[in-house]
Each structure stands twice: as C-alpha cells, then as structure tokens.
Amino acid sequence: MKNHCLIFLLLCCTMTLCAQEEGLEETPSQTELGINVTNTLAGFFNSGGSDFPTDPYLFSLKFAKLNRAFRIGLNFSYNDRSEFLPTGNRDGFETFVATRVGYEWRRPIDRRFTLYYGLDGVAQLNSEVLKFDSFGFDDIASKEQTIGFGGGPLLGVQFWISKKVALSTETSIYGIVQRHKKTQEVGNNFEPIIDQSIDFVIEPMIPNSLYFIFVF
C-alpha cells in the first residue's frame with residue numbers, strides 16, 4: 001500500500017502548491033509524453049512498494065485533440081548474461097516487451113482535473129533462452145516463451161500543474177490470451193521436448209502508478 005500513499009501525498013503537495021494559480025485547460029490539439037516515475041519515487045522515499053501488480057508501461061504517448069486522445073504505451077528490456085563453468089559455458093538471454101494501443105475520451109472535472117476513460121488493445125512478449133555449451137558433450141538448451149494478446153477498458157485522472165506539465169494515474173482491466181511454449185533440447189541425438197499451453201487471464205490494475213506528463 002506504500003505506492004498508494006506515495007501517489008496520494010504527491011498529489012496533495014502539488015495541489016497545495018498550485019492552489020493559488022489560475023486554472024489551466026488543455027489546448028485543442030497537443031502531444032503528451034508520459035514517463036512512469038513510480039519506481040523512481042518509491043526508491044527516493046525508500047518505499048517497498050505493494051503486493052499488487054504495477055503498471056508495466058514505462059512510456060506513454062498521447063495525441064490529444066479536443067476531448068479525445070489516441071494513446072500508446074511501451075516498455076521493453078533485454079538481458080544478456082554469460083557464465084564460465086569448469087565443464088563449459090552457460091549463456092542466458094531474456095527479452096520483455098509490453099505495448100498497448102488505445103483510445104480515450106476526456107471529461108474535465110474542474111479547471112485542473114480531467115477524468116478520462118477508454119479502451120486499450122495490448123500485446124506482451126516474455127522470452128528466456130538458456131544455453132549450456134559443454135566441453136566434449138552435446139549442447140543443452142532451454143527456451144521458454146510467452147506471447148499474449150488482449151485488451152480492455154480503462155479509467156484515469158489527470159491533474160494539470162501547468163499548460164505543459166501534468167500528473168496522471170489510471171486503472172484498467174485487461175483480458176489477455178497467453179500462449180506458452182517451452183522447448184528443451186537435451187542432445188543432438190534426441191528430439192526436443194516441447195510443452196505448449198494456452199491460457200486466458202484477467203489482469204486488473206489498480207491506480208498505483210504515477211506518470212509525469214509533458215505537453216508539446
């Protein structure tokens with residue numbers, strides 16, 4: 001629950017600092033770049049986070065016009081590691097990609113707060129490859145991959161600090177179909193062992209992530 005308290009505290013501080021300023025409204029057409037700063041703030045305040053899933057999207061890009069916006073979210077990572085063992089070399093590769101594309105409608109609550117709601121389509125990729133190159137023996141490899149597609153509704157709120165800076169947080173419920181595939185190669189003279197499955201998961205996301213929005 002620490003992330004929730006952190007976001008609430010930051011919003012209250014921002015509202016207090018800006019309470020005496022004139023209300024600001026969105027321009028008819030604008031581009032908004034958002035950065036998910038939840039982990040940065042949690043580390044700064046030494047917060048341990050919460051047990052709830054956090055928003056996996058690091059960047060947010062919105063093309064807003066009047067009371068509507070086309071939205072894109074993206075996050076990715078790649079990890080390459082190698083270990084030198086007495087019996088051979090072990091290499092590992094991890095890839096993560098999460099993207100969403102959607103559309104939102106906006107309703108101003110007052111001169112600083114904007115409520116928005118909409119729909120997203122999402123795609124996810126998780127891949128891990130482990131290879132063991134042994135000296136004088138057959139190579140062994142393990143590959144595990146999860147690909148997901150889905151989407152669902154969202155609801156969020158945006159607080160305008162100025163015409164060029166805002167804060168936002170949102171909640172969503174995504175239904176995602178995931179395809180899992182695991183392949184194990186145990187030697188050159190053996191057929192690989194392949195396990196496959198398809199799952200359907202519901203991923204509710206509570207508003208425990210905070211975005212800094214910069215308007216261009």
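**Aromatic contacts in a predicted model**

User: Which residue lies over the face of Tyr116?

Analyst: This is a predicted model in which local features need pLDDT of at least 70, side-chain atom pairs count only at pLDDT 80 or more, and totals for chains, interfaces and linings use all residues. Residues are numbered from 1 along each chain as its sequence is written, and side-chain values use heavy atoms, with hydrogens and water left out. A charge sits over a ring if NZ of Lys or CZ of Arg is within 6 Å of the ring centre and within 35 degrees of the ring normal. At 4.1 Å from the ring centre of Tyr116, the residue is Lys62.

User: How many aromatic pairs does a search of the whole structure find?

Analyst: Rings of Phe, Tyr and Trp (its six-membered ring) pair if their centres lie within 6.5 Å. Searching the whole structure gives a total of 3.

User: Is the pair of Tyr103 and Trp105 stacked or edge-to-face?

Analyst: Planes under 30 degrees apart count as stacked, over 60 as edge-to-face and the rest as tilted. The rings of Tyr103 and Trp105 are 5.2 Å apart centre to centre, with 70° between the planes, and the pair is edge-to-face.

User: Which strand holds Tyr117, the partner of Trp105?

Analyst: Trp105 and Tyr117 are stacked, at 6.3 Å centre to centre and 20° between the planes. Strands are DSSP runs (E, at least two residues), numbered from the N terminus. Trp105 lies in strand β4 (residues 88–108), so the pair ties together parts 12 residues apart in sequence, and Tyr117 lies in strand β5 (residues 113–134).

Key. Helices (H or I, at least four residues) and strands (E, at least two) are DSSP runs, numbered from the N terminus.
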